[in-house]
Amino acid sequence: MIIDLVRIEINDAKNLWTMQVKAFEDLYNKYQDTETSPATEKVEKIIMRLEQSFTYYYFIVVDGVKVGAIRVVDKKEQGKSKRISPIFIMKQYRGKGYAQEAMKAVEIIHGENDWELDTILQEKGNCYLYEKMGYYQTGKTEVINDKLTLVFYKKD
């Protein structure tokens, strides 16, 4: 399988936002995490991030089709971890290894070491993916509501 990462420019903000809202819709409906869900973010927040010099958004493209996106925060400073936040695959393309391949691809671009991310502890499939990719739980968690706890991961 060959995936391409295509850097997202400011003029694609609305498309990215639309995909993100749709991709996180089911998780939002399940957990009702209004303050933290990417499904509830405004397009202005996406635009603000795209304008940051240290934010890199990429469409995840397979056979010319945008199947998802990944955001990398990389301040390119010694001792500062890079961060994935968020990564998503559209519902109809899940379970095909695209997220895993996208994570490998950003490591080629931004370096293999010193990464962090967080995910929903209750979403065992997400936790499994990140652990399979070499991430480990830091021990830090954050309770968002009675249904959802964030768990934090690191990869050295």
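Q: How far from the centre of the Phe59 ring is the charged end of Lys66?
A: First, a heads-up: this is a predicted model, where local features need pLDDT of at least 70, side-chain atom pairs count only at pLDDT 80 or more, and totals for chains, interfaces and linings use all residues. Residues are numbered from 1 along each chain as its sequence is written, and side-chain values use heavy atoms, with hydrogens and water left out. A charge sits over a ring if NZ of Lys or CZ of Arg is within 6 Å of the ring centre and within 35 degrees of the ring normal. The charged end of Lys66 sits over the Phe59 ring, and its distance from the centre is 4.4 Å.

Q: Which ring does the charged end of Lys140 sit over?
A: Here the charged end is 4.3 Å from the ring centre. The ring belongs to Phe152.

Q: What is the order of the strands in the open sheet?
A: Helices (H or I, at least four residues) and strands (E, at least two) are DSSP runs, numbered from the N terminus. Two strands pair if DSSP finds at least two bridges between them. The sheet has seven strands with mixed pairing, and the order is β1-β2-β3-β4-β5-β7-β6.

Q: Which strands stand at the edges?
A: An edge strand here has a single partner, so one of its sides is left without a neighbour in the sheet. That goes for 3–7 and 136–143, which are β1 and β6.

Q: How many bridges join β6 to β7?
A: These two strands run antiparallel, with β7 spanning residues 149–155. In this pair, Gln137 stands opposite Tyr153 in β7. The number of bridges joining β6 to β7 is five.

Q: At about what angle does helix α1 run to β4?
A: Axes are lines fitted to C-alpha atoms, for helices over the stretch in contact (heavy atoms within 4.5 Å). Angles run from 0 to 180 degrees between N-to-C directions. Helix α1 (residues 13–31) lies across β2, β3, β4 and β5, and its angle to β4 is about 85 degrees.

Q: How many aromatic pairs are there?
A: Rings of Phe, Tyr and Trp (its six-membered ring) pair if their centres lie within 6.5 Å; planes under 30 degrees apart count as stacked, over 60 as edge-to-face and the rest as tilted. Phe24 and Phe88 form an edge-to-face pair, 5.8 Å centre to centre with 70 degrees between the planes. Phe24 lies in helix α1 and Phe88 in strand β4, so this pair ties together parts 64 residues apart in sequence. The count of aromatic pairs comes to three.

Q: Is Phe88 buried or exposed?
A: Buried means under 20% relative accessible area, exposed over 50%, partly exposed in between (1.4 Å probe, protein chains only). Phe88 has 4% relative accessibility, so Phe88 counts as buried.

Q: Which residues form one aromatic cluster?
A: The centres of the Tyr130 and Tyr135 rings are 6.3 Å apart and their planes are at 65 degrees, so that pair is edge-to-face. Both of these residues are buried. The cluster is made of Tyr130, Tyr135 and Tyr153.

Q: What is the distance between the C-alpha atoms of Ala39 and Leu27?
A: Ala39 sits in the loop between α1 and α2, and counts as buried at 15% relative accessibility. Leaving aside neighbours within four places in sequence, Ala39 touches Val21, Phe24, Glu25 and Tyr28. Leu27 is twelve residues from Ala39 along the chain, and their C-alpha atoms are separated by 8.3 Å.
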